[in-house]
Amino acid sequence: MPFIKIYIHIVFSTKNRTHYLDTPTLRVKVWKHIKENAAAKGIYVDRVNGFSDHCHCLISLGSNQNIEKIVQLIKGESSFWINKNKLTREKFAWQDEYFAVSVSESMLEKVRNYIINQEIHHKRQTSEEEYFRFMETYNFK
């Protein structure tokens, strides 16, 4: 049996950054569903949280998993579930693009806290500012 510990911080936004997830109650429901559904599919989601227009997931990759497939499963199934349950006024969709960066063991608690504190964080910084900071911090062009 392989012993693997690869953590990835994934961030994806709603289509056109629309504020579909506009209440804390709705967000909690969606994050809980993402975590439970991922677990049912053998995807380990360590933390999930976000704001009205985006989602952060800290995942640990298994030996037979890749980032693209995991993101596709999480985004595809959650948008289907949100629409099936009519949780938003308009048809819900996630943006095609996403961020994915590796997280070292030494940075896990910092990333976990960052994800957990999204509500507080976005009182000080807009989602757009966060996006540009990620682009700069991780040298995405």
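This is a predicted model: local features need pLDDT of at least 70, side-chain atom pairs count only at pLDDT 80 or more; totals for chains, interfaces and linings use all residues.
Biologist: Which residues of helix α5 are buried?
Modeller: Helix α5 spans residues 127-137. Buried here is under 20% relative accessible area. In α5 that describes Ser127, Glu130 and Phe134.

Biologist: Which exposed residues are on the face of α5 turned away from its buried side?
Modeller: The face turned away from them carries the exposed residues Glu128 and Glu136.

Biologist: What covers the buried residues of α5?
Modeller: Both strands and helices are included in the cover. The helices among them are α3 (108-116) and α4 (118-124). The strands among them are β1 (6-13), β2 (44-51), β3 (54-61) and β4 (99-103).

Biologist: How many residues of β1 are buried?
Modeller: Strand β1 is one of the elements that cover the buried residues of α5. The strand is itself mostly covered. Of its 8 residues, the number buried is 7.

Biologist: Over how many bridges does β1 pair with β3, and over how many with β4?
Modeller: Both pairings are antiparallel. In the first, Ile8 stands opposite Ile59 and Tyr7 opposite Ser60. In the second, His9 stands opposite Val101. The β3 pairing has 8 bridges, and the β4 pairing has 5.

Biologist: Is His9 buried or exposed?
Modeller: His9 is found in strand β1. Its relative accessibility is 4%, and the cut-off for burial is under 20%. His9 therefore counts as buried.

Biologist: Which side chain makes a polar contact of 2.9 Å with that of His9?
Modeller: Leaving aside residues up to four places away in sequence, His9 touches residues including Cys57, Leu58, Val101, Val111, Tyr114 and Phe134. The polar contact of 2.9 Å joins the side chain of His9 to that of His56.

Biologist: Which residues of β3 point the same way as His56?
Modeller: In a regular strand the side chains alternate between the two faces of the sheet. In β3, Cys55, Cys57, Ile59 and Leu61 point one way, and all of them are buried. Pointing the other way with His56, and also buried, are His54, Leu58 and Ser60.

Biologist: How many residues lie between β2 and β3 in their hairpin?
Modeller: The two strands pair in the antiparallel sense over 7 bridges. Within that pairing, Val48 stands opposite Cys57. The number of residues between the strands is 2.

Biologist: What are the relative accessibilities of Asn16 and Arg17?
Modeller: Asn16 and Arg17 are in the loop between β1 and α1 (24-40). Neither is a glycine, yet phi is positive in both, near 60 degrees for Asn16 and about 55 degrees for Arg17. Asn16 is exposed, at 63%. Arg17 counts as partly exposed, at 27%.

Note on methods:
Residues are numbered from 1 along each chain as its sequence is written. Side-chain values use heavy atoms; hydrogens and water are left out. Buried means under 20% relative accessible area, exposed over 50%, partly exposed in between (1.4 Å probe, protein chains only). Helices (H or I, at least four residues) and strands (E, at least two) are DSSP runs, numbered from the N terminus. Contact means heavy atoms within 4.5 Å. Two strands pair if DSSP finds at least two bridges between them. A polar contact is a pair of N or O atoms within 3.5 Å; within protein, one must be able to donate a hydrogen and the other to accept it, and residues adjacent in sequence count only if both atoms are side-chain atoms.
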